Number of protein chains: 2
Amino acid sequence: MKINPDKECVERSPEAWMRLALSLAEEAASLGEVPIGALLVYNGQLVAAAYNLRETWRDPTAHAEMLALRQASLRLGGWRLSASTLYVTLEPCAMCAGAILQARVGQVYYGAQDTKAGALESVCQLYQVKGWNHYPQVTGGILAEECGILLKDFFAQVRSRQKTRRDV
Amino acid sequence: MKINPDKECVERSPEAWMRLALSLAEEAASLGEVPIGALLVYNGQLVAAAYNLRETWRDPTAHAEMLALRQASLRLGGWRLSASTLYVTLEPCAMCAGAILQARVGQVYYGAQDTKAGALESVCQLYQVKGWNHYPQVTGGILAEECGILLKDFFAQVRSRQKTRRDV
């Protein structure tokens with residue numbers, strides 16, 4: 001991973017943090033993974049930087065957000081991440097949205113919408129449900145176009161490779 | 001862990017599998033963890049046996065179901081667990097319910113309801129939402145009373161210890 005959390009403690013805008021998350025998503029793409037990146041910032045300091053590793057690890061839970069939450073908890077020595085902000089390039093799925101509740105993450109910024117599996121606005125609105133013991137603040141659409149283009153380009157390449165294989 | 005997946009490939013009823021999950025939940029309690037156990041059965045064979053380790057690992061994602069899914073994927077060499085059945089002593093939370101969708105688990109049996117965080121019937125009904133790419137079959141209430149009593153006893157002991165500490 002090119003990003004070193006120890007060197008990332010400067011004040012940044014949500015767009016600047018999202019640009020870092022985008023660079024992680026690009027690393028995922030270079031491994032053949034769906035390009036999604038996530039960061040966790042705790043009291044202004046970057047404490048976790050991760051990308052989707054579902055195929056590499058053959059693990060259905062290895063989404064970028066999940067790995068960032070696990071990394072941050074390990075680093076901070078506890079599973080309650082109340083003062084933290086999560087940045088992720090794609091709208092979280094139900095698993096990741098639920099994990100954000102479990103970890104008591106204070107704020108979430110995400111990039112592109114996920115019309116197929118997004119659980120914050122697209123397929124369902126998990127945080128509109130009454131009865132959870134925690135509700136993060138959520139802002140979507142940060143560098144949405146760039147985050148979305150990275151995903152579209154990745155899937156276009158996958159389809160192109162599949163077509164080439166069929167045509168050979 | 002006392003259960004050896006390699007020796008568990010006999011035909012069992014949902015109640016018999018749940019009894020194994022309950023024994024895992026008891027192991028969790030002995031570590032001071034909220035007693036929840038989970039099993040994953042693939043083509044009739046036990047491939048994963050786990051219990052909640054959130055406090056021990058200081059990891060917000062270390063619920064019994066999540067660990068069972070990760071263990072099963074590692075064992076089976078892939079993240080798609082379509083032919084599998086998950087047994088868990090407590091109604092899954094949103095994170096675990098979402099992970100079950102991610103892993104394409106075919107069937108879920110759970111024990112007690114979780115009125116505070118359950119995402120299948122109690123706080124929300126995640127699988128009633130239209131638009132997911134997968135819907136597991138779900139049956140709740142398997143050994144519900146025993147699964148619930150184990151949790152109630154655990155929390156009663158925690159409160160009793162806290163009271164003793166305050167009174168000393």
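The two copies in this predicted model meet through the same surface, because 100% of the interface residues of chain B are also interface residues in chain A. The contact draws 32 residues from chain B and 32 residues from chain A.

The symmetry of the pair comes next. A rotation of 180° with 0.0 Å of shift along its axis places chain B on chain A, with an RMSD of 0.0 Å. The two copies are therefore related as by a two-fold rotation axis.

How much surface goes into the contact? The size of an interface is often given as the accessible area lost when the parts come together. Here chain B and chain A bury about 2600 Å² between them, and 67% of that area lies on carbon and sulfur atoms. Within chain B, the residues that lose the most area to chain A are B:P60, B:W79 and B:Q102, which together account for 24% of what that side buries.

The rule finds 2 salt bridges across the interface of chain B and chain A. One of the pairs to look at is B:R70 with A:D59, whose side chains meet in a salt bridge at 3.9 Å, N to O. As for the helices, α2 (54-57), α3 (64-76) and α4 (94-102) of chain B each supply at least two residues of the side that touches chain A. Sorted by class, that side of chain B has 17 nonpolar, 8 polar and 7 charged residues.

Let's finish with α4 of chain B, the helix that holds B:M95. Is α4(B) mostly covered or mostly open? The helix is mostly covered, with 9 of its 9 residues buried. Among them are B:A94, B:M95, B:C96, B:I100 and B:Q102; B:Q102 is also one of the residues of chain B that lose the most area to chain A. The cover over the buried residues of α4(B) comes from both chains: it includes α2 (54-57), α3 (64-76) and α4 (94-102) of chain A, together with α3, β3 (84-90) and β4 (107-112) of chain B. Following α4(B) you will find B:R104, whose phi is positive, near 60°.

Notes: Residues numbered from 1 in each chain as written. Chains lettered and ligands numbered in written order. Predicted model: local features only at pLDDT ≥ 70, side-chain atom pairs only at ≥ 80, totals over all residues. Heavy atoms only, no water. Contact = heavy atoms within 4.5 Å. Buried area = accessible area lost by both parts, 1.4 Å probe. Salt bridge = Lys/Arg side-chain N within 4 Å of Asp/Glu carboxyl O. Helix = DSSP H or I, 4+ residues; strand = E, 2+ residues; numbered from the N terminus. Nonpolar A, V, L, I, M, F, W, Y, C, P; charged D, E, K, R; others polar. Least-squares fit on C-alpha atoms with pLDDT ≥ 70 in both. Buried < 20%, exposed > 50% of the residue type's maximum accessible area, 1.4 Å probe, protein only.
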